[in-house]
Amino acid sequence: MASVNAATWIGSISVLLWGTLALLTKLSGGEIPEFQLMAMTFGIAFLLMCSRWVLSGHSGVHYLRQSPLAWCIGIVGLFGYHFAYFKAMTLAPAVEVSLLAYLWPLLIVLLSAFLPGEKLRAQYIVGALVALAGCWLLISRNADGFAWENLPGYLVALSCALIWSSYSVLSRLVRSVPTDAVGWFCGVTAILALICHLLWEETVWPEGVLQWIGVVGLGLGPVGVAFFTWDHGVKHGNIQLLGTLAYSAPLISVILLILAGFGEATVAVLSASILIVIGSLIAGRAKSRTVAEPELLTD
């Protein structure tokens, strides 16, 4: 149980890092084409893992030897999610796309019940729904409302939620695959993103040190370390609690933007904060009961 708790804490690092995504994107200038930025950041993530291999005294080539299932889960999860997200952004308004795409934490809570040894608890569902309400309240401040003509974009956005939740849950089925292998998944994702960039986009390089800091920061944090810690967390930690805690990421993003002077505190932000915290506490209480049960049986 101690190892499960430790893995859950490690996985929660990803939520904190994903919370910096908006601020670092803002620093990067916001003018770099999506697939180019994806290729650059996933390339940095791959180099980050390469540095770990070099420090460990090997090339990491042996981590390439993974099953077809593991490769499929890794590539579809990392590249498929971002491809679908960027495509949805071209078919529907960004706010509505974000609202639908952020159903993935709730789907993780629900889908994880089908994993061997897992049990769906009411507290996780309630906690995830309360946190979802806070997340939607936070994101929907600038929403124009859903419209039928944007239905294709909405469906693609929903596929984002399904892809990432499936990636997170199915990773549990290949838990023997070391996190180092994710480095190769990032490398292949960077290559695929580069191909998409060369086919559909014009290259725009960052201007100035601040924009380069934003790009490198994205590659090291939200795209780099975050995917590595998330892999460890969903494979060995409390995946349902991680799903609920994931709703803290947009809240962290807004708070960081406010502190950096790119946003302002509003009643909606405060209300969303309360809901997300309450949802996380409800899920955390379910975790505490789970930990306590084996001890009761031994008395």
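Accessible areas here come from the Shrake-Rupley method with a 1.4 Å probe, and for residues only the protein chains shown count as cover. By that method, the chain above has an accessible surface of about 14100 Å², and 71% of that surface belongs to carbon and sulfur atoms. This is a predicted model, in which local features need pLDDT of at least 70 and side-chain atom pairs count only at pLDDT 80 or more, while totals for chains, interfaces and linings use all residues. Residues are numbered from 1 along each chain as its sequence is written, and side-chain values use heavy atoms, with hydrogens and water left out.

**The whole chain**

- The chain has 13 helices and zero strands, where helices (H or I, at least four residues) and strands (E, at least two) are DSSP runs numbered from the N terminus.
- Read from the N terminus on, the elements run α-α-α-α-α-α-α-α-α-α-α-α-α.
- The radius of gyration of the chain is 19 Å, close to the 19 Å that the globule rule gives for 299 residues, so the chain is as compact as a globular protein of that length. This radius is taken over C-alpha atoms, and the globule rule is 2.2 Å times the number of residues to the power 0.38.
- Along its principal axes, the C-alpha trace spans about 65 × 50 × 35 Å.
- Of the 299 residues in the chain, 49% are buried. Buried means under 20% relative accessible area, exposed means over 50%, and partly exposed lies in between (1.4 Å probe, protein chains only).
- Take the contacts (heavy atoms within 4.5 Å) between residues at least 6 apart in sequence: 91% of them join residues at least 24 apart.
- The chain carries 13 positive and 15 negative side chains, and the centres of the two sets lie 13 Å apart. Lys and Arg count as positive and Asp and Glu as negative, while His and the chain ends are not counted. The place of a charge is taken as NZ of Lys, CZ of Arg, CG of Asp or CD of Glu.

**The nonpolar cores**

- A nonpolar core is a set of buried Ala, Val, Leu, Ile, Met, Phe, Trp, Tyr and Cys residues joined through side-chain atoms within 4.5 Å.
- The largest one holds 63 residues, and those touching the most other members are W18, F42, L78, W104, W164 and W230.
- Helix α3 (residues 34–55) gives this core its largest share, nine residues.
- Apart from it lies another core, of seven residues, including I32, M40, V215 and L218.
- Setting aside neighbours within four places in sequence, W104 is in contact with W18, A161, W164, S165, W230 and A246.

**Around P33 and H197**

- P33 sits in the loop between α2 (21–27) and α3, and its relative accessible area of 13% makes it buried.
- Not counting residues up to four places away in sequence, P33 touches H197, E201, E202 and V204.
- H197 belongs to helix α9 (residues 181–200) and is buried, with a relative accessible area of 3%.
- Leaving out neighbours within four places in sequence, the contacts of H197 are P33, F35, Q36, E202 and T203.
- P33 and E264 are 231 residues apart in sequence and 27 Å apart in space, C-alpha to C-alpha.
- G30 is also found in the loop between α2 and α3, but at 60% relative accessibility G30 counts as exposed.
- From G30 to G214 there are 184 residues in sequence and 9.8 Å in space, C-alpha to C-alpha.

- V225 is part of helix α10 (residues 208–236), and with a relative accessible area of 31% V225 is partly exposed.
- V225 and W18 are 207 residues apart in sequence, with 10.0 Å between them in space, C-alpha to C-alpha.
- Once neighbours within four places in sequence are left aside, V225 is in contact with L17, L48 and L220.
- N150 lies in the loop between α7 (122–139) and α8 (151–170), where N150 is buried at a relative accessible area of 15%.
- N150 touches L91, A92 and P93, not counting residues up to four places away in sequence.
- R121 is in the loop between α6 (104–111) and α7, and R121 counts as buried at 17% relative accessibility.
- R121 and A94 are 27 residues apart in sequence and 33 Å apart in space, C-alpha to C-alpha.
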